[in-house]
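Hi everyone, thanks for making time for this. I'd like to walk you through one structure, starting with the sheet and ending with the pockets. Let me put it on the screen.

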Amino acid sequence: MKYKLIKDNNPKLRKKSEEVLIPLSQEDKETLDFMLFYLKKSQDIEYAQKHNIRPGVGLAAPQLGILKRMFVIYYQVGENEYKIYQLVNPKIIAFSNQLATLEGGEGCLSVDAVHEGYVHRHNSIQLKAYDYYSKKDIIINADGYDAIVLQHEYDHLDGILFYDRIDKDNPKAIKKDEVIIK
């Protein structure tokens, strides 16, 4: 297979990714399509068990060892409704002061070890990017879980892993007025 998921002991995951040239190269299009395919398959329980992969809702190019500013989001939000983005050169252009955290903590396809503790992120963000899925420049206004997922993947583009954001001295501390997402 051309693409292989790398783990957090790989130094590439700690490097800052480069901007992507638009229009996209064929290679970049193929990478984005593979990333979406991988996320869809990871959420297919039968396929995931057969191929020993964990379910994921986001995947960044650096997780494939590709240091380009691209990531893909895919997860169900309604009966027949999905959040689907294939984002290129995303940039967070605004964010709330209010923080949010996932009650169960965060995980990552590139991180096998469990890291207990809260990851404090902005509860609301505004992000602009080129979306290969819709083939246009977009602005996303995201709150709560959606904002957390986008920020998690965005961090990968800067070489930051979720557990870098856990307070080592007080991993279960909740910030003032923080939203706890179940």
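Predicted model: local features only at pLDDT ≥ 70, side-chain atom pairs only at ≥ 80, totals over all residues.

β6 and β7 belong to an open sheet of five strands, with antiparallel pairing and the order β1-β2-β3-β6-β7. Which strands stand at the edges? They are β1, residues 58-60, and β7, residues 136-143; each has a single partner strand, so one side of each has no neighbour in the sheet. On average, neighbouring strands of this sheet are turned by 35° against each other, ignoring direction.

Next, the helices on this sheet. Helix α1, residues 26-42, lies across β1, β2 and β3, and runs at about 35° to β2. Helix α3, residues 144-157, lies across β1, β2, β3, β6 and β7, and its angle to β2 is about 160°.

For the whole protein, the secondary structure amounts to three helices and eight strands. Along the sequence, the pattern reads α-α-β-β-β-β-β-β-β-α-β. How does the radius of gyration compare with that of a compact globule? For 182 residues a compact globule would come out near 16 Å, and the protein has 16 Å, so the two agree. The C-alpha trace spans about 45 × 40 × 35 Å along its principal axes.

Rolling a probe the size of a water molecule over the atoms shows where empty space is left. The largest pocket has a volume of about 460 Å³. Its lining counts 28 residues, and G105, E106, G107, C108 and H152 lie nearest the centre. Which element gives the most to this lining? That is α3, with five residues. By class, the lining of the largest pocket has 12 nonpolar, nine polar and seven charged residues.

The second largest pocket comes to about 370 Å³. Here 17 residues form the lining, with L5, Y38, H51, N52 and I53 nearest the centre. This time α1 provides the largest share, four residues. The lining of the second largest pocket divides into 10 nonpolar, two polar and five charged residues.

That's my tour; I'm happy to go back to any view you like.

Note on methods
Residues numbered from 1 in each chain as written. Heavy atoms only, no water. Pairing = 2+ DSSP bridges. Helix = DSSP H or I, 4+ residues; strand = E, 2+ residues; numbered from the N terminus. Axes fitted to C-alpha atoms, helices over the stretch in contact; angles between N-to-C directions. Contact = heavy atoms within 4.5 Å. 1 Å grid on protein atoms, 1.4 Å probe; cavity = no way out; pocket = protein on both sides within 12 Å on 5 of 7 lines; lining within 4 Å. Points joined across faces, edges and corners; volume = space filled by probe spheres on them. Nonpolar A, V, L, I, M, F, W, Y, C, P; charged D, E, K, R; others polar. Rg over C-alpha atoms; globule rule 2.2 N^0.38 Å.
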